[in-house]
Amino acid sequence: MATQAALFAGFSQLAAQPARDRAGTGAPARVGMAAIGGARVGGVKAEGAGWAVARRGVLCRASLIEPDGGRLVDLVAPEEDGRRAALRREAASLPHRLRLGRVDKEWLHVLSEGWASPLQGFMREHEFLQALHFNAIRGADGRMVNMSVPIVLSLGDAQRRAIQADGATRVALVDDRDRPIAVLSDIEIYKHNKEERIARTWGTTAPGLPYVEEAITNAGDWLIGGDLEVIEPIKYNDGLDQYRLSPAQLREEFARRNADAVFAFQLRNPVHNGHALLMTDTRKRLLEMGYKNPVLLLHPLGGFTKADDVPLSWRMKQHEKVLEEGVLNPESTVVAIFPSPMHYAGPTEVQWHAKARINAGANFYIVGRDPAGMSHPTAKRDLYDADHGKKVLSMAPGLERLNILPFRVAAYDTKQKKMDFFDPSRKDDFLFISGTKMRTFAKNRESPPDGFMCPGGWKVLVEYYDSLVPSEGSSKLREPVAA
């Protein structure tokens, strides 16, 4: 697991590195969308020179990094020409229905908005095997596109037999209330080898892997893939949908802000001042490299997380305080939710996290120690080598266009009473506070060092842990003092 906040080094080497396509340099971003059937997509009319029409997708132009496959996949049925209503009627009439669980619906959300471009739906067997064994799939143009985690849908043996007996080629996908939400067509059913999938994705089959227990162990023994068409945009109605910006919407927002570089930071923990130091210093370094308006995409993961992680709603409250109190500059920061579920699959999964941000327009990706890692479920050690994630990202097939920004160590300076970059010449003055330790402070109602987190953000975190034990009453902790 990550044991410290950290910041990247080597901007000078990055600036001189020609092998990476530093998309976005030299001009403000301008993003447009191609119309589907003459309609507006993302509120932008597709017309004039430089535009092209794409089937079931969104073409992007200008200086933001190009999405994988050259266009964003858009699998939501358009309202125009009655297509959405017709799909809804068809889904209601189809004889075979597959009920989606929580994680299935999150993956459907991911696919529908193009985070996994160029995938057109849940994986067929050839895509599944490529993702599982190569961490990449071959696109329509013959190029390898990074895809390190399988995005698949399972079904049981009884459903398989019924579908195959009827010779069905289309099935309806329904939610937990049996309401149709999508149609999967030109389907292919194949064996779900769970042990192989788990071993290849996590590098272990040890019991206790959170995603495995949530989404694989009790899943069906068959997988079904096909082309996906979603009836309408996925909503959760939890008060956070305004943060769930699609890749197309994010690209529009970056264009509106005239961003000439986008650097993405994923997290599943509350933001402390070490994170803020990392992100603000990143922007400073990008400005020094010649960018005019680099924009931060602060992108917390919003899908399934393990039980001891802080829930999304509380994390978003905490992130709001970070902006309100000026820890991060709202003018150069976009906060949005990444809808993917979390695997905790270390170097394998971090490739997926980076690849998805390419599709959202990010050309820089910040990576620290042990990204997407966790403690070993049965042994007293970390599951993955802490440095392998960033090393794998620098070599991963299909990510050559993305600039990977590794961290340099930062820690709490006990003399200056703030987060700062670690100085080995006075190492005894620094205190390393991991995300786990931060949560422990709040859970045990211990006050953190002053300057570790903004007061409002810390208050939200303490309120969350207080909400878990209401019988003990509210915490009487002294609020930390801002740095």
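# A walk through the predicted model

Let us start at a proline: Pro118 lies in the loop that links α3 (102-113) to α4 (125-134). Helices (H or I, at least four residues) and strands (E, at least two) are DSSP runs, numbered from the N terminus. The peptide bond leading from Ser117 to Pro118 is cis, and its omega is near 15°.

Before going on, please note that this is a predicted model, in which local features need pLDDT of at least 70, side-chain atom pairs count only at pLDDT 80 or more, and totals for chains, interfaces and linings use all residues. Residues are numbered from 1 along each chain as its sequence is written, and side-chain values use heavy atoms, with hydrogens and water left out.

How far can you trust the picture? The pLDDT is the predictor's confidence in each residue, from 0 to 100. Its mean over the chain is 85, and 84% of the residues reach 70 or more. Over residues 1-55, however, the pLDDT is below 50, although this stretch has 153 contacts in the model beyond near neighbours in sequence; contact means heavy atoms within 4.5 Å. Residues 471-483 also have pLDDT below 50, with 28 such contacts. Where pLDDT is low, the predicted coordinates should not be read in detail.

Now return to α4. In the loop between α4 and β4 (136-138) you will find Asn135, which has a positive phi of about 55° although it is not a glycine. Helix α4 also meets helix α6 (residues 194-202): their axes come within 9 Å and cross at roughly 40°. Axes are lines fitted to C-alpha atoms, for helices over the stretch in contact, and angles run from 0 to 180 degrees between N-to-C directions. The two helices, α4 and α6, are therefore oblique to each other; angles under 35 degrees count as roughly parallel, over 145 as roughly antiparallel, 65 to 115 as roughly perpendicular and the rest as oblique. Phe128, Leu132 and His133 of α4 make the contact with Glu196, Arg197, Arg200 and Thr201 of α6.

Next come some strands, which pair if DSSP finds at least two bridges between them. Strands β7 (residues 170-174) and β8 (residues 180-191) pair in the antiparallel sense over five bridges, with Val174 facing its bridge partner Pro180 in β8. Together β7 and β8 form a hairpin with five residues between them, and Asp178 in the turn has a positive phi of about 65°. Strand β8 pairs with β9 (residues 222-230) too, in the antiparallel sense over eight bridges.

Between them the chain passes through helix α12 (residues 388-395), in a β-α-β crossover that is right-handed; with the strands pointing away from the viewer, the path from the first strand over the helix to the second runs clockwise. Helix α12 packs with α11 (residues 346-359) at an angle of about 55°, their axes 9 Å apart.

Our last stop is an open sheet of three strands in the order β16-β15-β17, with antiparallel pairing. Its edge strands, β16 (418-421) and β17 (430-431), each pair on one side only. Helix α9 (residues 273-288) packs on this sheet, touching β15 and β16, and its direction makes about 45° with that of β16.
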